[in-house]
Amino acid sequence: MHPGAPDLSSFPRAEWLKASRRALAAAPNEALGYGDPRGRHELRSALADYLARARGVHAHPDRIVICAGFVHGLMLLGDVLRRRGVHDIAVESYGLDIHWNILTRAGLHTHPLPLDELGTNPGELDAWGARGARGADGVDGVDRVEGIDGVDGAHGMDGAGGADRARGARGAHAANSTHGVHGAQGVHGNQGVHGARAGREGRASRAVREDQAGAAGTTGLPGRAERADKAVGAEGGGSSGGRAAVGAALLTPAHQFPMGVPLHPDRRAAVVDWARRTDGLILEDDYDGEFRYDRQPVGALQGLDPDRVVYFGTASKSLAPGLRLGWMVLPSALTQEVVEAKGSMDWSCGALDQLTLAEFLNSGAYDRHLRSARLRYRRRRDQLVAALAARAPSVRATGIAAGLHAVLQLPPGTEQSVVSAAAWQRLGVAGLSSFRHELAADPAASIDALVVGYGTPPDHAWTGALDALCRVLP
Ligand SMILES: Cc1ncc(COP(=O)(O)O)c(C=O)c1O
């Protein structure tokens with residue numbers, strides 16, 4: 001039950017094989033060459049369609065770069081940021097040290113932002129001052145996105161007929177070019193490509209605000225004395241007070257990892273505002289944004305400002321981490337540098353898997369797989385919550401109903417003993433403290449909790465794993 005992987009036994013082998021045969025049969029000979037460092041154009045254009053309709057991302061195939069999972073994308077971005085003269089990057093106070101280490105190896109210092117029940121608090125960004133990510137060469141980071149007219153309307157993926165609706169939407173778009181531009185029905189938080197920015201943000205905020213209601217009081221984090229808008233409403237910024245000036249921020253806005261809280265709408269707006277005021281860059285890790293069980297997913301932060309946000313997606317949760325397939329949607333001003341970094345460093349990401357994923361997306365197999373995966377993981381989460389209520393009433397699952405993991409808040413002082421007891425039962429669970437950044441400040445430090453990957457066990461082992469978990473809980 002270690003968090004991280006989906007149920008690998010449910011990988012859609014037959015469908016993947018079929019897609020792979022079709023993709024290989026249709027592949028031109030040139031696909032077997034070194035190709036474009038951005039990745040296969042078939043996959044980039046399939047992803048542009050998919051990300052627009054499912055995550056509200058403003059994606060154009062030219063600004064998508066395929067990478068070997070999120071970690072590879074982060075390595076590339078770390079390198080580019082460093083070359084642009086960025087030395088310091090804000091991260092969340094809870095997360096994965098593998099990601100922080102990648103940034104450190106790229107030569108960046110990571111600074112944890114405080115976290116509370118409204119998600120990561122970007123107010124500290126202003127205290128650090130401004131250090132733009134555009135580099136000393138004055139490259140303008142605000143070029144308008146080009147050629148995005150073709151981005152289709154975003155139809156939600158939940159419920160029956162998602163893929164059919166998506167195909168229908170493309171058809172409608174072809175017949176009438178205005179359909180696509182109104183976008184985002186079912187993807188809360190983003191409303192089509194041509195909407196005025198202010199309008200987009202207004203609607204986005206409403207949707208995310210509703211979303212936060214679902215998380216209120218369920219985060220396990222200490223309540224806050226001050227309101228979010230006060231906390232994040234700092235104006236002006238730019239005064240570092242002797243502290244390092246941060247040029248970028250790495251966030252998990254849809255579902256903070258591991259705490260499970262979505263970023264409050266005021267904070268979504270505040271972090272974008274910080275990036276605009278300071279030439280900063282936001283790195284959005286949308287690792288499990290497709291898995292939402294109580295409502296339609298909230299759209300990606302990137303939809304608020306595609307010039308300030310690098311969007312990262314991955315197949316590691318939705319399909320399997322072993323595929324090593326991820327994607328970045330880049331601001332246009334950054335694309336060339338990332339492509340050059342990738343082309344000069346490595347040529348990972350095999351063309352055949354890329355073509356297969358493109359076929360998997362275009363054929364609707366990805367949508368079908370996600371629908372059944374959502375049902376599986378939602379059922380497991382419900383069973384976990386019910387088992388806790390019945391067998392461990394002093395423990396509660398916190399965060400929103402989403403993703404493949406849950407944070408189980410424990411009575412104070414019990415985390416280490418529960419983790420050890422679980423290890424004796426040969427049950428892999430992680431203590432929350434192992435996800436804490438070494439420089440993170442209180443108050444969250446005092447929480448005792450487990451991070452449980454309920455998505456990980458195969459179906460046949462799930463009931464036994466849940467039973468073993470309940471036995472070790474206080
Ligand atoms: C927070 C977070 N981001 C990203 C990823 C995906 O990483 P990758 O695509 O490199 O497998 C994971 C997977 O466990 C994760 O937990």
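A polar contact is a pair of N or O atoms within 3.5 Å. The model discussed here is predicted.

## Ligand contacts

The ligand is surrounded by 13 residues, of which F70, D285, T314, S316 and R324 are the closest. The backbone takes part through V71, which has a polar backbone atom 3.1 Å from an oxygen atom of the ligand.

Side chains also contribute. A nitrogen atom of the ligand lies 2.5 Å from a polar side-chain atom of D285, and an oxygen atom of the ligand lies 2.9 Å from a polar side-chain atom of R324. The ligand taken alone exposes 400 Å², and the protein buries 90% of that.

## The largest pocket

The largest pocket holds about 480 Å³ of space. Its lining comprises 28 residues, and those closest to the centre are F70, L96, H99, D285 and Y287. By class, 16 of the lining residues are nonpolar, 8 are polar and 4 are charged.

Helices α3 (69-83) and α4 (97-105) each supply at least two residues of this lining, as do strands β2 (88-92) and β6 (248-251).

## A four-stranded sheet

An open sheet is formed by 4 strands in the order β10-β11-β13-β12, with antiparallel pairing. Because β10 (396-398) and β12 (430-431) stand at the edges with a single partner strand each, one side of each is left without a neighbour in the sheet.

Strands β11 (residues 406-409) and β13 (residues 449-452) run antiparallel and are joined by 4 bridges. Within this pairing, L408 stands opposite L450 of β13.

Conventions
Residues are numbered from 1 along each chain as its sequence is written. This is a predicted model: local features need pLDDT of at least 70, side-chain atom pairs count only at pLDDT 80 or more; totals for chains, interfaces and linings use all residues. Side-chain values use heavy atoms; hydrogens and water are left out. On a 1 Å grid over the protein atoms alone, a cavity is a set of points where a 1.4 Å probe fits but cannot get out, and a pocket is an open set with protein on both sides within 12 Å along at least five of seven lines; lining residues have an atom within 4 Å of a point. Grid points are joined across faces, edges and corners, and a volume is the space filled by probe spheres set on the points. Ala, Val, Leu, Ile, Met, Phe, Trp, Tyr, Cys and Pro count as nonpolar, Asp, Glu, Lys and Arg as charged, and the others, Gly among them, as polar. Two strands pair if DSSP finds at least two bridges between them. A residue is near a molecule or strand if one of its heavy atoms lies within 4 Å of it. A polar contact is a pair of N or O atoms within 3.5 Å; within protein, one must be able to donate a hydrogen and the other to accept it, and residues adjacent in sequence count only if both atoms are side-chain atoms. Accessible areas come from the Shrake-Rupley method with a 1.4 Å probe; for residues, only the protein chains shown count as cover.
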